[in-house]
Amino acid sequence: MFHTQPTLDTLQAAASALQTLATALADDPALPTTLQLLQACRGRVVVTGVGKSGHIGGKIAATLASTGTPSLFVHPTEALHGDLGMITKDDVIIALSHSGESKELAAVLQYAARFGIPLIALTGKPDSTLGRAATVVLNTRVTREACPLNLAPTTSTTVSLALADGLAVALMHARGFGKEDFATFHPGGKLGAQLLRVHEVMLTAPLPLCPATIPMSEALVVLTQHNLGCVGATAPDGSLVGIFTDGDLKRRLTPDLLQKTLAQVMTPTPKTIVATPLAVQAAAQMAQQRVTSLWVVDDNHQPLGLLRLQDLLARGVV
């Protein structure tokens, strides 16, 4: 049977280290200096580290990039073989090393010094080689790993990751990064789907529209050709005044149907929505009004598009 106490001790060690760091950074001028460097960066934030710090660095670069701070990860070993060319004078480097003595970082440190590239060190040893080479040092203040041998990076990597997340969130606040920006960088998956707007999901031209005055024989041709489940009826000024659906055809199929006009059999004042709301709001409106499609109109009730439940399903909105 496994002992659970080591797991609990590891969590407690991480929590304690994070609290210690949060308290210390409240009065540490290195934090605002770091944020100023990152916000003023005209290029990209280049994150680097080796071993477990490298894995953490990759996640940090991804978080920064997805929250409005252009960023990439450069492996220090690959930097020795040409990847230093990815780093420009307009960039800022974040280097991770708990000991600050990772030999693989030497080329990156020399490159930063040669071209005057700001270097931010995330390390537990401010007096290390990395710490002395850095423009600013964010001291993680981790003195011991949760690993019983004090060898495997555990507490130090957890703290580095949390600290970098804090930097990313601070930059989001500083840049006014909002939901619309988040949706731009997360077009796929559930997060992106929840932030899609109606105009991003709706079907546009050619739309199944025809004048309300035309005979049903012509309206049915439009219904069949577009195969979108409905026809929108328009007034002489182009505004939407009615809708006729596949379901209406089944319910109103009579011998004299083709002798009638669209206006005589359509459903007036169809359910509509404007183009700007979130698609999830449109889905909620469909459920409330018990319809499977909504015409998207402008302020003058001119049709802009057609939003269907099946398209919301396909995009993962519902």
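The model is predicted: local features need pLDDT of at least 70, side-chain atom pairs count only at pLDDT 80 or more, and totals for chains, interfaces and linings use all residues. Residues are numbered from 1 along each chain as its sequence is written, and side-chain values use heavy atoms, leaving out hydrogens and water.

**Whole chain**

The protein chain has 15 helices and 12 strands; these are DSSP runs, with helices (H or I) of at least four residues and strands (E) of at least two, numbered from the N terminus. Its radius of gyration is 30 Å, well over the 20 Å that the globule rule gives for 318 residues, so the chain is more spread out than a compact globule. That radius is taken over C-alpha atoms, and the rule is 2.2 Å times the number of residues to the power 0.38. The C-alpha atoms fill a box of roughly 90 × 55 × 35 Å along the principal axes.

Buried residues make up 42% of the 318, where buried means under 20% relative accessible area (1.4 Å probe, protein chains only).

| Strand | Residues |
|---|---|
| β11 | 293–297 |
| β12 | 303–308 |

The two strands pair in the antiparallel sense over 5 bridges; pairing requires at least two DSSP bridges. Ser293 stands opposite Arg308 in β12. The strands form a hairpin with 5 residues between them, and His301 in the turn has a positive phi of about 65°. Strand β12 is mostly covered, with 5 of its 6 residues buried.

Methods:
Buried < 20%, exposed > 50% of the residue type's maximum accessible area, 1.4 Å probe, protein only.
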